[in-house]
Structures are given as structure tokens and as C-alpha cells.
Amino acid sequence: MKRTLHAAGSVLMAGGLLATAACGGSSGKASGGKTTVTLMTWESNATNQLIDKALAGFHDPDITVKRIDTPNGNYGDKLASLTQAKKLPDLFWCGNDTELQYTGQGLLTDWSGKLSGSGGFTADSFSPTAIKNWKTADGKIGGVPSLLNTYGIWYDSDAFKAAGVPVPAAGWTWDDMYAAADKLHKKGAKYGLVADALTNLDAPFSLSLYSQSAGGAPFADSVNQPTKVTADATFTEGVGKLVAGIKSGAVAPPGYDASNAQSLFAAGQVPMLWSGQWLAAGFLTDKPKIKYGFAPLPQVDKAATLYDAVGICTPSYTKNADATYKVLSYLDSTVWTKVLPDSPVAVPAYTGAQDAYFNALGKAGLTTVASTVKADLDAPLTSGVRFTTQWASQSNDQITAYWPDILKGNKPLSDLQTMTGKINDVIKSNN
């Protein structure tokens with residue numbers, strides 16, 4: 001199962017035409033009324049084998065499920081080529097942004113009618129924010145969310161003990177986090193906190209949690225259909241604290257190579273790491289020597305967290321929508337209950353399948369991961385991790401032009417207003 005689920009959706013529009021289009025395609029009905037439903041994932045070979053094994057339990061005399069192999073690391077390229085060739089399989093893994101963009105372009109089958117019907121696989125059977133964020137402005141749903149990313153702080157218990165700092169726990173504050181990072185840094189850590197989510201292109205959405213938790217305005221009023229971004233006094237205050245943390249050396253600065261941060265954390269070289277629950281599955285196999293835990297993201301007053309989900313989409317030209325929806329329902333409601341016990345990488349969006357995930361975490365002794373994921377699901381305030389719009393790259397250009405220099409102290413905090421003003425110009429020109 002892909003651990004960097006949050007990144008998947010943003011890369012699917014890229015890539016050139018591959019010579020593999022013949023491998024895809026909605027199969028539809030064969031002779032004798034039999035139907036083959038095709039499926040394409042971005043998973044590893046090991047996870048695909050678990051999915052195949054779980055799909056063997058799907059029994060319908062008129063439906064055959066066929067999974068299409070995809071080369072590791074080239075899922076985005078292959079999806080782009082199949083989209084261009086109009087040979088997408090009946091079901092394919094997709095990110096939230098891809099689902100919204102493709103649905104808006106009429107490329108996907110709209111499942112909103114079936115999800116509003118009766119039975120055990122309807123919109124009400126999913127985590128509330130999951131379905132809400134998969135709807136387009138006109139209420140269409142071109143895909144169904146499958147797994148939810150949750151975010152928190154991975155911490156090295158031994159390092160905290162050595163520094164005389166209490167380990168993070170639910171309700172801890174941003175001030176607590178920076179104070180802990182400072183002590184860990186002064187105790188010998190190169191950086192007390194590595195938080196790529198606070199310094200990269202998505203960082204303003206992460207900092208939005210500070211202002212939302214403090215009762216201020218979110219950075220963006222919507223990630224799907226935004227009308228404006230805001231850097232109010234509370235947002236600016238939160239950025240100012242981050243700037244101070246970077247200046248003191250407590251927090252890794254913009255440009256820090258976080259590509260191996262997971263390994264450095266496991267080796268005891270990064271005492272605090274802002275990341276997602278998906279690291280847990282890797283830690284179960286890699287067995288870090290440190291004692292570690294996973295805590296909710298810090299807050300000011302109310303708990304706030306990031307929303308992020310991946311899912312399964314269907315092209316508009318699928319030849320047998322009823323059969324495809326039947327397989328889709330089985331994937332979301334049953335397959336994860338058989339796959340996650342061996343690889344608990346993320347909590348299912350379908351609530352009826354969530355026990356399998358939490359039971360797996362409990363069996364593995366990952367109690368802090370389970371409690372933090374549950375806290376995330378119950379958080380009263382959420383923010384999307386990035387814009388899901390087609391013009392998001394234009395906004396990213398403005399973030400690139402201002403955010404790193406503001407964090408490094410090369411530009412004043414007042415330039416947040418310039419940055420948001422330019423992003424609002426992008427929003428206005430695209431609306």
C-alpha cells in the first residue's frame with residue numbers, strides 16, 4: 001500500500017504518453033452476459049498480492065475481476081496515458097484532486113445517485129469529511145474515498161526522557177512543541193523538530209491549523225472551490241513562532257532534505273517528526289531500535305487537523321456501471337478488512353471497515369498510533385492539505401516566491417499579505 005498517500009493525487013496529471021494503453025480499458029460485457037471489471041492500483045507487489053487474495057473472496061457468477069499490473073513508480077504517467085487514450089480501467093486508484101478535476105471535466109462516472117440510495121454502501125457509511133470533500137460544486141462524486149491519511153508528531157521517547165521533556169500527548173500546544181524542539185536541539189539533536197509540512201508548498205495549509213485552533217480564519221476558505229485565502233493576525237502569529245523556531249535551530253529550515261527523515265527518526269537522529277500514520281506499517285517491518293510514539297498535532301485552543309484521502313475512480317465510459325459499482329463496494333467494504341491486518345497503513349474511509357485497522361494496530365502494540373488516528377477523525381476543525389484545483393500550480397508559484405524567505409527571515413512577516421494578495425489574484429482570475 002502506498003505510504004505517501006497524500007502525494008498520490010498531485011502527480012497524476014503529469015507524464016507523457018506510454019506505449020501501454022492496451023493494458024488498460026473498461027472491459028464491459030463479454031459473451032453470454034458475463035462481465036469483466038478491470039482494476040488498477042498504485043500499490044506495491046506485496047500489497048497487490050494481498051488485494052488479489054482478498055478479491056478472491058468476491059463471488060458473482062457474472063462478474064470477473066481483473067487487476068492490471070502497473071510499473072512501480074510510474075503510476076501517474078500510466079494514468080495520464082490511459083486517460084489520453086480513453087482506455088482507463090473500470091476502477092483505478094486516484095487522489096482527491098484528480099477525482100475532483102476529472103469529475104469536473106466529465107471524465108468520471110458520477111456515483112452520487114447510488115451513494116444516496118439505500119443499503120449498506122451509501123454516503124452515510126463513510127467518515128463525514130470524506131464524502132463531503134469528494135463532491136464537486138454541483139454535487140457529483142466521480143470516485144469513492146478509500147483510505148484516510150491522518151497526521152501527527154512521531155516522537156523518540158528516549159530522547160524526550162534524556163532532555164527531561166514530557167512526551168507529546170493530546171491537547172499539547174504549539175508552544176509546547178517549539179519548547180520541546182528547543183530543548184531537544186540544545187541536548188544535541190541537529191534539529192529538535194523536522195516538519196516538512198511547515199516549510200514546503202503545502203505549508204500555509206498546515207499553518208492554517210494554528211489560526212483555526214485559535215479561533216482565527218483558515219488560510220483558505222475551501223481547498224476545492226476557494227474564493228479567498230487569508231493571513232489574519234492569528235495566522236501571522238503562528239508563522240512568527242515558526243520563524244523563531246527556525247532561527248534558533250530548533251526546527252529544520254526550508255530546504256532541509258526530508259526525503260530520509262523516516263530513516264533518521266528510526267535511527268534516533270530526529271527526535272520529533274511531523275508526518276502521517278502511514279509510517280507505522282513501515283516501522284512494523286523495519287523495527288526501529290528507539291522507543292517511539294505518535295501524538296496528535298499541537299493546538300492552541302481547539303483540536304485541528306489536516307484532511308487528506310485517496311480513493312477509487314471510474315471512467316465515464318465504463319461499460320457496466322452496476323457491475324463496477326458492485327466490485328467497488330466490495331473493495332471499500334471488505335478488501336481493506338483483509339489487507340490492513342497485514343499492513344495497517346491507513347484507516348478506511350468506510351466506517352464499517354475501520355475496526356480491522358484499529359485491531360491491527362492494537363495487536364501490534366501501536367496504541368499511540370490508534371489513539372492519535374481516532375483523535376484526528378474526531379477533530380472538530382480540519383483543513384485540506386492543498387488546493388485540489390487545476391490552477392493550484394499558479395498558487396504554488398506565489399508560495400515559492402514568498403514562504404521560504406519569510407521563514408528564513410529574509411522577508412518580513414508583513415509579506416504574508418503580499419503573498420495572499422497574489423494568490424487571491426490567481427483565484428479571481430480562475431473563477
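Start by selecting helix α14: the elements covering its buried residues include α13 (321-339), β10 (347-348) and α15 (367-378). Helices here are DSSP runs of H or I with at least four residues, strands are runs of E with at least two, and both are numbered from the N terminus. You are looking at a predicted model, where local features need pLDDT of at least 70, side-chain atom pairs count only at pLDDT 80 or more, and totals for chains, interfaces and linings use all residues. Residues are numbered from 1 along each chain as its sequence is written, and side-chain values use heavy atoms, with hydrogens and water left out.

Now colour residues 354-363, the span of α14: Gln354, Ala356, Tyr357, Phe358, Ala360 and Leu361 are buried (under 20% relative accessible area, with a 1.4 Å probe and protein chains only). Following the helix, you meet Gly365, whose phi is positive, near 80°.

Next, pick Ala252, in the loop between α10 (233-248) and α11 (261-266). Ala252 is buried too, with a relative accessible area of 3%. Beyond its neighbours within four places in sequence, Ala252 is in contact (heavy atoms within 4.5 Å) with Tyr191, Leu193, Val194, Thr199 and Ile246. For a look across the model, draw a C-alpha to C-alpha line from Ala252 to Thr324: they are 46 Å apart in space and 72 residues apart in sequence.

Last stop: show the open sheet of 3 strands, ordered β7-β6-β8 with antiparallel pairing (strands pair if DSSP finds at least two bridges between them). Its edge strands, β7 (272-276) and β8 (292-296), each pair on one side only. Strand β6 (residues 151-156) is joined to β8 by 5 bridges; zoom in on Trp154, whose bridge partner in β8 is Phe294.

How values were computed. Buried < 20%, exposed > 50% of the residue type's maximum accessible area, 1.4 Å probe, protein only.
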